[in-house]
Amino acid sequence: DFGKKIGVKKSSAQLIKNYSINTIIGKQVAAVINFKPKQIGKFISEVLVLGFPDEKLQPILISPDIKLKNGIKLY
């Protein structure tokens, strides 16, 4: 959810090595929203979720330490 102006967007990411469904739902993360939607298999990904690779090159999401307003800009 990127706030009232942008709304809810979908993304596809392989996160199962470091996250469960219970830890990912509702998690605030950093994402790029101004890329064109991309077809990934049968799914359309509307945003690019940002992260860093762990020691096994699996994604660790960039996430704020405290709850912030959805849709604010990263600077």
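Modeller: About 1300 Å³ of space lies in the largest pocket. This is a predicted model, where local features need pLDDT of at least 70 and side-chain atom pairs count only at pLDDT 80 or more, while totals for chains, interfaces and linings use all residues. Residues are numbered from 1 along each chain as its sequence is written, and side-chain values use heavy atoms, with hydrogens and water left out.

Colleague: What makes a set of points a pocket?

Modeller: On a 1 Å grid over the protein atoms alone, a pocket is an open set of points with protein on both sides within 12 Å along at least five of seven lines; a cavity is a set where a 1.4 Å probe fits but cannot get out. Grid points are joined across faces, edges and corners, and the volume is the space filled by probe spheres set on the points.

Colleague: Which residues line the largest pocket and lie nearest its centre?

Modeller: The lining has 43 residues, with Phe 2, Gln 28, Val 29, Ala 30 and Ala 31 nearest the centre. A lining residue has an atom within 4 Å of a point.

Colleague: Gln 28 is one of those. Why does Gln 28 count as buried?

Modeller: Its relative accessibility is 15%, and buried means under 20% relative accessible area (exposed is over 50%, partly exposed in between, with a 1.4 Å probe and protein chains only). So Gln 28 counts as buried.

Colleague: How do you know that the side chains of Gln 28 and Asn 70 make a polar contact?

Modeller: They are joined at 2.8 Å. A polar contact is a pair of N or O atoms within 3.5 Å; within protein, one must be able to donate a hydrogen and the other to accept it, and residues adjacent in sequence count only if both atoms are side-chain atoms.

Colleague: How much space lies in the second largest pocket?

Modeller: About 250 Å³. Of its 18 lining residues, Ser 11, Ser 12, Val 47, Leu 48 and Val 49 are the closest to its centre.

Colleague: What about Ser 45: buried or exposed?

Modeller: Ser 45 has 6% relative accessibility, so it counts as buried. Its side chain reaches the backbone nitrogen of Ser 12 at 3.3 Å and the backbone oxygen of Val 47 at 3.2 Å.
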